[in-house]
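My notes follow in the order I made them.

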Amino acid sequence: MYYIIVNPASKSGRGRKIWKKLEQIFLARHIAYKVIFSKGTGHVTRIVANLTAPGRQLPDAAPVKLIILGGDGTVNEALQGIADFDRLWLGYIPTGSSNDLARDLSLPKNPALILDTILKGEVVRTLDMGLLTYGKERTSAARYFAVSSGIGFDAAVCREALASRFKKTLNKIGLGKLTYLSIALKQLAAAKSVSCEIYLDNSETPIRLNRFLFTAFMIHKYEGGGFQFCPTADASDGLLDLCAVGRIPKLVILFALPTAFWGKHYIFPAIRHFTAEKATLCSSAPLWVHTDGEVTRKSDSITITCLKQKLHLMM
């Protein structure tokens with residue numbers, strides 16, 4: 001039995017149409033399935049929580065096989081509901097606007113080819129994940145992420161883009177990335193001077209940035225629709241890759257950001273790369289924080305931990 005969660009609003013509303021084509025594969029092969037269409041924020045989390053609940057009985061201790069048709073945000077929402085990661089095998093068919101997870105996994109563009117590989121069941125990879133906690137709060141306030149988390153400029157751009165009606169209009173004509181460009185320029189102009197300290201693993205000596213624009217904590221290479229903020233990131237090495245953007249003139253940022261599409265932004269001295277199993281960042285003012293592009297709150301203290309080989313992915 002396969003469970004399929006479809007975000008019908010993904011791909012500018014084409015998510016449902018893509019599923020209708022893929023459904024024919026299940027029917028032709030007589031494969032049992034149950035499809036659920038997501039209905040707003042929090043629905044996917046509740047679905048997955050029910051599927052992986054401790055009391056749910058499965059034949060012969062078989063894993064729950066879940067396929068998601070959606071974007072990185074849909075995957076992120078699903079992660080928040082997983083009660084037992086060992087019981088879940090996840091398949092991912094990207095129908096979002098950024099699809100950074102699919103990009104790093106080199107998934108085919110054709111959804112039918114991805115589904116065919118999933119149904120063959122020949123490969124189940126175990127990948128690292130990230131765990132974000134805020135300040136000294138309990139883990140109930142924590143969030144998982146598959147691709148990346150960030151604080152500062154990149155999270156502020158994500159927050160405004162999520163609420164942008166202009167983005168929805170541009171997505172329909174295939175120009176959604178222009179939304180991020182216009183919002184990025186706006187947020188860059190409005191960015192205030194904030195300092196931070198970053199503690200890596202068990203070190204008591206912080207990396208201090210007297211002014212920073214953002215820090216990205218990466219499991220995979222890409223963020224924001226193709227920016228290679230951490231081109232050497234490996235989703236199976238048990239490490240976070242950090243891209244910390246420090247004091248750099250705003251005019252220079254306009255030239256630095258495009259180079260990140262090719263992973264060449266480290267030629268700018270103020271942009272630094274680190275690796276660690278765990279990182280804690282404390283800033284002089286609360287800033288927006290995102291996980292896989294999903295923004296829930298501001299914080300001035302976050303801890304990010306790499307959970308080694310936590311996610312089982314059918315591919």
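**Helix 4**

I listed the buried residues of helix 4 and got D72, G73, T74, V75, N76, E77, A78 and L79. Buried here means under 20% relative accessible area, exposed over 50% and partly exposed in between, with a 1.4 Å probe and protein chains only. Helices (H or I, at least four residues) and strands (E, at least two) are DSSP runs, numbered from the N terminus. Eight of the eight residues of helix 4 (residues 72-79) are buried, so helix 4 is largely enclosed by the rest of the structure.

**Basis**

I note that this is a predicted model, in which local features need pLDDT of at least 70, side-chain atom pairs count only at pLDDT 80 or more, and totals for chains, interfaces and linings use all residues. Residues are numbered from 1 along each chain as its sequence is written, and side-chain values use heavy atoms, with hydrogens and water left out.

**Strand 7**

I then checked strand 7 (residues 148-152): five of the five residues are buried, so this strand too is largely enclosed by the rest of the structure. I looked up its pairing, which requires at least two DSSP bridges between two strands. Strand 10 (residues 214-218) runs antiparallel to strand 7 and is joined to it by five bridges; there, G150 has A216 as its bridge partner. Strand 13 (residues 278-291) also pairs with strand 7 in the antiparallel sense, over three bridges, and T291 of strand 13 stands opposite S149.

**K109**

K109 counts as exposed because its relative accessibility is 83%.
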